[in-house]
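Hi there,

Here is the structure I promised to pass on to you. Have a look at it first, and then read on for what turned up.

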Amino acid sequence: MEGVDILPHERSKTQFDVDAMKIVWAGSRHAFEVSDRMARLVASDPAFQKDNRTRQGRKELFKNTLRKATYAWKRIVELRLTEEEAGRLRFFVDEPAFTDLHWGMFIPAIKGQGTEEQQQKWLPLAYKMQIIGCYAQTELGHGSNVQGLETTATFDPDKDEFIIHSPTLTSSKWWPGGLGKVATHAIVYARLITNGEEHGVHGFIVQLRSLDDHMPLPGITIGDIGMKFGNGAYNTMDNGVLTFDHFRIPRNQMLMRVLQVTREGKCVQSSVPRQLIYGTMVFVRQTIVADASSALSRAVCIATRYSAVRRQFGSQDGVETQVIDYKTQQNRLFPLLASAYAFRFVGEWLKWLYTDVTQRLQANDFSTLPEAHACTAGLKSVTTTATADAIEECRKLCGGHGYLCASGLPELFAVYVPACTYEGDNVVLLLQVARFLVKTASQLGSGKKPTGTTAYLGRVQDLMQCRCEVQTAEDWLKPSVMLEAFEARSARMCVDRAQNLSKFANPEDGFAELSADLVEVAVAHCQLIVVSKFIEKLQQDIPGNGVKQQLQSLCYIYALNLLHKHLGDFLSTGCITPKQASLANDQLRSLYSQIRPNAIALVDAFNYTDHYLGSVLGRYDGNVYPKLYEEAWKDPLNDSVVPDGYNEYIRPMLKQQLRNARL
């Protein structure tokens, strides 16, 4: 049964240049070399060992995370790593920690919303980790509805200070990572009040703890919100609760790049456009999409390798069938493999979009901002939802052993699933996309031309009338045919929802009533973006023997699987016929057969070390069963042969002496 000989045999079937695919996956040779170097650096250092994480109690787990995060910073300083290298090192340490929020939210917020003077004061301290920051926006009573936040920041002109206050229980800051036990400072979002007048929600730099003894400053109550889902997982992070009791900060600690409060308490708009703040949001959501491809590819790597190692049923000459050879397994697994690559490439495109939006904003060109905002919101939602579902599906694809912590999948799921909620609840984000799409559709008659990812709506008349030309299964391999089907589906759904909305006297009543239908059109639009960006990627020059052919197969698997899953959309809108849908399924089965000999090599191209994967089932060498057996004996329950509690509970029951037992 040992699978140690299976994976080398699988790799011998490969029909493409794996090293070239590794470069494609990484994005560039430079990116590959940096990632590879940092991954190996982490994997070879015993200080970053993590295989006992799921067996640790919360206090031990958290203290160990503090040690790792501090040791990682020590290595970053000693090795004089660049910002890029440091980011990759933290990524491969693979442990949620306070540093994630410090580098990922606190520093970007100061860079995006702070004045030059504020940046000069605070960023050097943050870059040297002389202060540790977090991002305190979400409250006990409000998350997605940022305008509903209750924390107040009232200006006191006599003292030239803001008074930060939590007026209600529900105004308690709740969830910020790094807040509970570590952060010395926070970007606190509160309702700005000057001269008795409200001016919306703004950010303030607030010191929380003493830099001498780490005690909370007077007027601040702070702690951890408690255990979260899963073993290990996100419990390495000190998500916190924070309340203020009339806590005072200097006026110059309000982030004033866009809006400034004068000494007299007057609010003055700066010359910097407010829209510039949206650039930070685009950046954060682009990062989340990239993280989706990383988490999904990791789960798929584990499930694919184990599916090749595992044999079950179909015994001929004593050799059972590899699970990966069952069509039912391929039908569930290969679309997830394709999705990992699809999300990778749409993430690459979002990096370009962020750069483009930033350059336009700096030139006071806001024309693409609404579309970019809707696009990133939608892609954040669609990719994180798909990834969370896919990690759980990969666990099921690994059968019973997938349920073991040693598989790496339960912890991966528990760590990843909050992405469906943070930085915007996924359904709320889709409703924002739907609102933008309906508005775009309603303006078509006015001559306003849709841009960017909505440009296809400018051809709405053609898309309402076009008929899919597929006559054979192979016709589905034409990019133009695939793209037109997805464009027609999205355009027709968009027009249909807009028409239904127009029947309501009050548009907001209509939006509330039809919100479930509107979510569906947002999903259709975002899936079109992912398909179109995968197709665009294939139009580039991609070096490496057989690499482009494999990516083409993955692209069509991704698109045709979506078509199959959302067949109701395509059929009900008349985009395709039932016969064409049947041909799409025929082509999908054919593509699975083409991918099958390359499946192991396609996950090898992710270039993940065994340390990063953190899975006995996903080991590179395939030596699963001996290692799984070995892992079982490490559990603390196996420290003794007879369990603690035997004499108190089990023995009295066996000996019929329960009356004398101390229960």
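In the charge count below, Lys and Arg are taken as positive and Asp and Glu as negative, while His and the chain ends are left out. On that basis the protein chain carries 72 positive and 72 negative side chains, and the centres of these two sets are 1 Å apart. Please keep in mind that this is a predicted model.

Now for the overall build. The protein chain contains 23 helices and eleven strands. Its radius of gyration is 27 Å, close to the 26 Å that the globule rule gives for 663 residues, so the chain is as compact as a globular protein of that length. The C-alpha trace spans about 90 × 80 × 60 Å along its principal axes.

The accessible surface of the chain is about 30100 Å², and carbon and sulfur atoms account for 53% of that. Of the contacts between residues at least 6 apart in sequence, 74% join residues at least 24 apart.

You will find threonine 453 in the loop between helix H12 (426–442) and helix H13 (460–465). Is threonine 453 buried or exposed? Its relative accessible area is 13%, and buried means under 20%, so threonine 453 counts as buried. Its side chain makes a polar contact with the side chain of glutamate 371, at 2.4 Å. Leaving aside neighbours within four places in sequence, threonine 453 is in contact with Trp349, Glu371, Cys375, His525 and Ile529.

Enjoy exploring!

Best wishes

Technical notes. Residues numbered from 1 in each chain as written. Predicted model: local features only at pLDDT ≥ 70, side-chain atom pairs only at ≥ 80, totals over all residues. Heavy atoms only, no water. Helix = DSSP H or I, 4+ residues; strand = E, 2+ residues; numbered from the N terminus. Rg over C-alpha atoms; globule rule 2.2 N^0.38 Å. Contact = heavy atoms within 4.5 Å. Areas by Shrake-Rupley, 256 points an atom, 1.4 Å probe, with all protein chains shown as cover. Charge placed at Lys NZ, Arg CZ, Asp CG, Glu CD. Buried < 20%, exposed > 50% of the residue type's maximum accessible area, 1.4 Å probe, protein only. Polar contact = N/O pair within 3.5 Å; in protein donor to acceptor, adjacent residues only side chain to side chain.
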